[in-house]
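Good morning, everyone. Please have the structure open on your screens. I'll walk you through it step by step.

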Amino acid sequence: MARRLTEVFALVGPLYRRVQRKVELNAPIEGLSVGVRAVLDLLREHGPMTVPQMGRAQALSRQFVQRMVNDAAAGDLVESVPNPAHQRSSLIRLTEAGRAAITAVTARERALLRQVGGDLTDAEVTACLRVLRRMLDLFDDVEVN
């Protein structure tokens, strides 16, 4: 099993880098870097979050996430709002411009992903997700800050 899971790692790295490069090539359309896109997608999916929460959710350093939030804020894609649960850690939320940008990006990505191939089944994708989640869980204790 370990040998087969090594095959998964060998594919995930190049896949991630190619997707990242594709996003960067298309960035001029919405003006989003890969990092800003990740922040916007996280906020679209989960609602307002603090920078530390986003860092933990994406296994990224708080400092990196803060830079991406700053870039997004400079483009009026996100805004800081008071956090009732924590005075010193503001919540970051999407602006209407941010919601429009991430909606456009994800629509374009889904159109591209429709080209993946017709012979994949929902069960196969479900199995793939299960394997990747299990592998991610293995490294859940790795500190990213």
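What pattern does the protein chain follow, read along the sequence? The pattern is α-α-α-α-β-β-α-α. That comes to six helices and two strands.

A word on what you are looking at. This is a predicted model. The protein chain averages a pLDDT of 87. In the chain, 94% of the residues score at least 70. Where is confidence lowest, and where is it highest? The lowest is in helix α1, residues 2-30, with a mean of 80. The highest is in strand β2, residues 91-94, at 97.

Now the overall picture. The C-alpha atoms of the protein chain fill a box of roughly 45 × 35 × 25 Å, taken along the principal axes. The chain has 145 residues, and 26% of them count as buried.

Let's move to helix packing. Two packed helices are described by the angle between their axes and the distance between the axes. So we need two numbers per pair.

First pair on my list: α2, residues 34-46, and α3, residues 51-58. Their axes come within 11 Å and cross at roughly 100 degrees. Angles of 65 to 115 degrees count as roughly perpendicular. Therefore α2 is roughly perpendicular to α3. Which residues meet here? From α2, they are Val-39, Leu-42 and Leu-43. From α3, they are Met-54, Ala-57 and Gln-58. By class, this contact has five nonpolar residues, one polar residue and no charged ones.

Next pair: α2 and α4. These axes come within 9 Å and cross at roughly 85 degrees. So α2 is roughly perpendicular to α4 as well. On the α2 side we find Gly-35, Val-36, Val-39 and Leu-40. They meet Phe-64, Val-65, Met-68, Val-69, Asp-71 and Ala-72 in α4. The classes here are eight nonpolar, one polar and one charged.

In soluble globular proteins, nonpolar side chains tend to be buried together. Here, the largest nonpolar core has 20 residues. Which of them touch the most other members? They are Leu-40, Leu-43, Met-54, Val-69 and Val-78. Several elements give two or more residues to this core: α2, α3, α4 (62-74), β2 and α5 (96-113). The largest share comes from α2, with five residues.

Take Met-54 on its own for a moment. Leave out residues up to four places away in sequence. Met-54 then touches Val-39, Leu-42, Leu-43, Met-49, Val-65, Val-69 and Ile-92.

Stay with α2 for one more residue. Arg-37 is found in this helix. Is Arg-37 buried or exposed? Its relative accessible area is 14%. Buried means under 20%, so Arg-37 is buried. Arg-37 and Val-105 are 68 residues apart in sequence. In space they are 8.2 Å apart, C-alpha to C-alpha.

Now go to helix α6, residues 122-138, and find Leu-132. This residue is partly exposed, with a relative accessible area of 33%. What does Leu-132 touch, not counting residues up to four places away in sequence? The answer is Val-8 and Val-12. Look at Val-12 again. Leu-132 and Val-12 are 120 residues apart along the chain, yet their C-alpha atoms are separated by 9.4 Å.

Last stop: the loops. What is phi for Ala-59? The angle is near 55 degrees, a positive value in a residue other than glycine. Ala-59 sits in the loop between α3 and α4. This alanine is partly exposed, with a relative accessible area of 47%.

Then there is Asp-76. Asp-76 is not a glycine, yet it has a positive phi of about 60 degrees. Look for Asp-76 in the loop between α4 and β1 (78-81). Is Asp-76 buried or exposed? Asp-76 has a relative accessible area of 55%. Over 50% counts as exposed, so Asp-76 is exposed.

To recap: α2 lies roughly perpendicular to α3 and roughly perpendicular to α4. And α2 gives the largest share of the core, five residues. Thank you.

Technical notes:
Residues numbered from 1 in each chain as written. Heavy atoms only, no water. pLDDT = per-residue confidence, 0-100. Helix = DSSP H or I, 4+ residues; strand = E, 2+ residues; numbered from the N terminus. Axes fitted to C-alpha atoms, helices over the stretch in contact; angles between N-to-C directions. Parallel < 35°, antiparallel > 145°, perpendicular 65-115°, else oblique. Contact = heavy atoms within 4.5 Å. Nonpolar A, V, L, I, M, F, W, Y, C, P; charged D, E, K, R; others polar. Core = buried A, V, L, I, M, F, W, Y, C linked by side-chain atoms within 4.5 Å. Buried < 20%, exposed > 50% of the residue type's maximum accessible area, 1.4 Å probe, protein only.
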